[in-house]
Amino acid sequence: MNLSRHAERRVHQESVRLLASEFPRLAPLPRRVLGALLARTVGNVHLFVRQDLEERGGDRPDAVLISTNGVFALIIAGERPDEQAARAAFRHAEERCAGITDHRGRVVPVSAIHPVVVVPGAGAGRTVRAAGPYWALPETDLARLFRREDAHLNRRQVDVVARQARTRLDGYTRLEAGLPEARPETAGLLDAGSLAENEVEAAQARPFDSWLTFLHPHQHAIVARDYSGPARISGPAGTGKTVVVLHRLRRLARNSTGPLLFTTFVRTLPAVHAATFRRLAPEVADRVEFLHLHAWLRRFLQSRGRAVRVNARGISTAFARAWTVHRENLQNLEPSIDYWRAEVDRVVKGRGLTTVDEYLRAPRRGRKLRLDARQKEQVWALHETYQAKLAERGLHDYNDVVSLAEEELVREPLTESYAAIAVDEVQDITLTGLRLLRRLAGDGPNRLLLVGDGQQQVYPGGWRLSDAGIPVQGRGEILRVNYRNRTGVLDFARGLDATNEVDDLDGGPGVVLGQVEAVNGGGECRSWSGPAAELPHALLGQIAAMPAPLGQTALIVFHHRDLVRCRKLLREAGIATLPLEDYTGAPDDRLKIGTVHRAKGLEFRAVLVVQFDSGEPSGGAAREESTELRNRQRLVAATRARDFVWWASVR
Ligand SMILES: Nc1ncnc2c1ncn2[C@@H]1O[C@H](COP(=O)(O)OP(=O)(O)OP(=O)(O)O)[C@@H](O)[C@H]1O
């Protein structure tokens, strides 16, 4: 709450007076810190202070603060506290506050309570280093506990938590710096501007971010569970898989020492999730690396002095050249070069096959076109020519990078292993990528967590976890409540999904989007269909009438060439866009734009999907496979929207 200067002064005086009467012998540092916190309690902030604060050091936190930014346990320390003692003190607050529920039955997990050690400010001539499993915050930076952009609870939720905390925090007093005048008049002491600002903020507040503090009991159980080996979380779109992973990483980081890794095949996700994780767990944010798989592999190979040259255009040219040599043999079967490129990328190289005999025996999961031995030999020849063309150009493709890194890891494992690795959107990682991650994680409890949804696979092909030698029996979890999409959006997405064949990653029975429980009513989906010449008018008309700010909207297409068309159209209309490649989740007014491959895993308030009729494979099995893939891609596109979807089908 923003107060006028006059009101601020009076609140400050009142805080000083209250502290002096409740805690007359308080040392200067806690006096300053609590005074500053107390002054915030005229807003939606609740402060509980340990009653014996003047007498003894802490086997409990000195204060517990509850606000729209979550629940904080605070130790106010002149000296850096002993790590074990600090852990024990924080555990006290965690045990008291964990399990608090909201009106929807969601719970506050242990890991949602922020452990903070407030240390003297830089003005006192000290530097602050992260010293343990807590956030070391100089007293001069207390405002960081109240940053608006980190707020994720509404007034009602704060009240619910504070009411329950009050009965649980024995030995703590609730302090509140009321203004001497009657409280209803408080509004008169606010800046008019700040009142309006607060209302706008409340209206725009991210309604879904409460997961930073509250989890569904099932999500909570997965966060708290220990797994003796690799584990898997699956569940349809929007069921909170990533949310669970982030909370788990936080818990594991707090209880371990080494680095942790969050990785995925999707280039756009790590930056976005890293920023979210920093909000969720500032105390351990530096311990968890967020990097997409190929960036990690290239950095690793570089650290070992092994140079790789990956150039997307060069790779495509190499394949196109190889195709001209072999097309005569294969085009009768299927004329689309993309089909055969996927065969080489996702089956031959993606499974790490090294001889034609291995290829003859290997399963081709997800590939509908049946190939006999002679045809497979022809594919193998195509693969060999492609390899030769890459070598001529001194290039490596993405699969080569994976196998080079695997070789290097076998030769010499990492010097410092990861305490835990979480792999998101696992359904699109190749089998060789999975094997490598398994090797990287090593054996041991909680080391490897695979998260995905077969229904959202946006690349061709497939595998089962057992193909990668990753046993997850008894360590598989399925989430079933969709928190992201409002019913109007969800119903539309469920319709798209009707003909999908779901591969639940390891062959077990899965849950599809049609079966999830919805918790957010409302939402809308509108469709448009027409010739390409009418698209500009329809799209720009829709953009002018969006029910959500453009900065919280994404335009999603299915092919790169469609992206080029849409970008040109928007540029000519003077609409500012931000490519999803450059998106980090930071607030921004530009319309986000990208292919479904870059959009997966992300979410926006509104989504504009522009789908152009495109050359599908000619017929039969390849066409069936392509239709299924397209349906999964459509499902991914639609489920990125929380509130609103506009779906354009362009002829
Ligand atoms: N416990 C919760 N309370 C409130 N909202 C939640 C909760 N869990 C998840 N959400 C909301 O649902 C959204 C979807 O969560 P998340 O991105 O983790 O789902 P997902 O299963 O990984 O989705 P997808 O597979 O579609 O990428 C989150 O951004 C969050 O807004």
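Mentor: The account below begins with one annotated segment and then turns to two helices and the chain as a whole. The model is a predicted one.

The segment is taken from a record. In an unreviewed UniProt entry, the annotation "binding site" covers G235, P236, A237, G238, T239, G240, K241 and T242. Two of these residues, G235 and K241, may be examined in turn. G235 is located in the loop that runs between β7 (231-234) and α7 (241-254), whereas K241 belongs to helix α7 itself.

Is G235 buried or exposed? G235 counts as buried, because 25 C-beta neighbours lie inside 10 Å of it, and the cut-off for a buried residue is 20 or more. K241 likewise counts as buried, because it has 25 C-beta neighbours inside 10 Å.

When neighbours within four places in sequence are left aside, G235 is in contact with K241, D453, I478, L479, R480 and V511.

For contrast, consider a position in another helix. D400 lies in helix α14 (residues 398-411). D400 is partly exposed, because 17 other C-beta atoms are found within 10 Å. D400 and C97 are 303 residues apart in sequence, and their C-alpha atoms are 50 Å apart in space.

Helix α4 (residues 155-168) has 14 residues, and the distance from its first C-alpha to its last is 20 Å, close to the 20 Å expected at 1.5 Å a residue. Its buried residues are Q157, V158, V161, A162 and A165. These lie on the same side of α4, because they cover an arc of only 125 degrees around the axis. The elements that cover them include β1 (46-50), β2 (63-67), β3 (70-76) and α3 (83-97). The face of α4 turned away from the buried side carries the exposed residues R155, R156, R163 and T167.

Helix α18 (residues 560-572) can be read in a similar manner. Its 13 residues should span 18 Å at 1.5 Å a residue, and the end C-alpha atoms are 19 Å apart, which agrees. The buried residues in α18 include L563, C566 and L570. Because these cover an arc of only 70 degrees around the axis, they are on the same side of α18. The buried residues of α18 pack against β16 (553-557), β17 (577-579), β18 (591-595) and β19 (604-612). On the other side of α18, the residues R561, V564, K568, R571 and E572 are exposed. Just after α18, G574 takes a positive phi of about 75 degrees.

The secondary structure of the chain comes to 20 helices and 20 strands. The radius of gyration of the chain is 28 Å, close to the 26 Å that the globule rule gives for 651 residues, so the chain is as compact as a globular protein of that length. The C-alpha trace spans about 90 × 60 × 45 Å along its principal axes. Of the 651 residues, 44% count as buried. Among contacts with a separation of 6 or more, 79% are between residues 24 or more positions apart.

Note on methods. Residues numbered from 1 in each chain as written. Predicted model: local features only at pLDDT ≥ 70, side-chain atom pairs only at ≥ 80, totals over all residues. Helix = DSSP H or I, 4+ residues; strand = E, 2+ residues; numbered from the N terminus. Expected span 1.5 Å × (residues − 1). Buried ≥ 20, exposed ≤ 12 C-beta atoms within 10 Å, placed from the backbone. Arc of directions from axis to C-beta. Contact = placed C-beta atoms within 7 Å. UniProt positions renumbered as here; feature names shortened; annotations may be inferred. Rg over C-alpha atoms; globule rule 2.2 N^0.38 Å.
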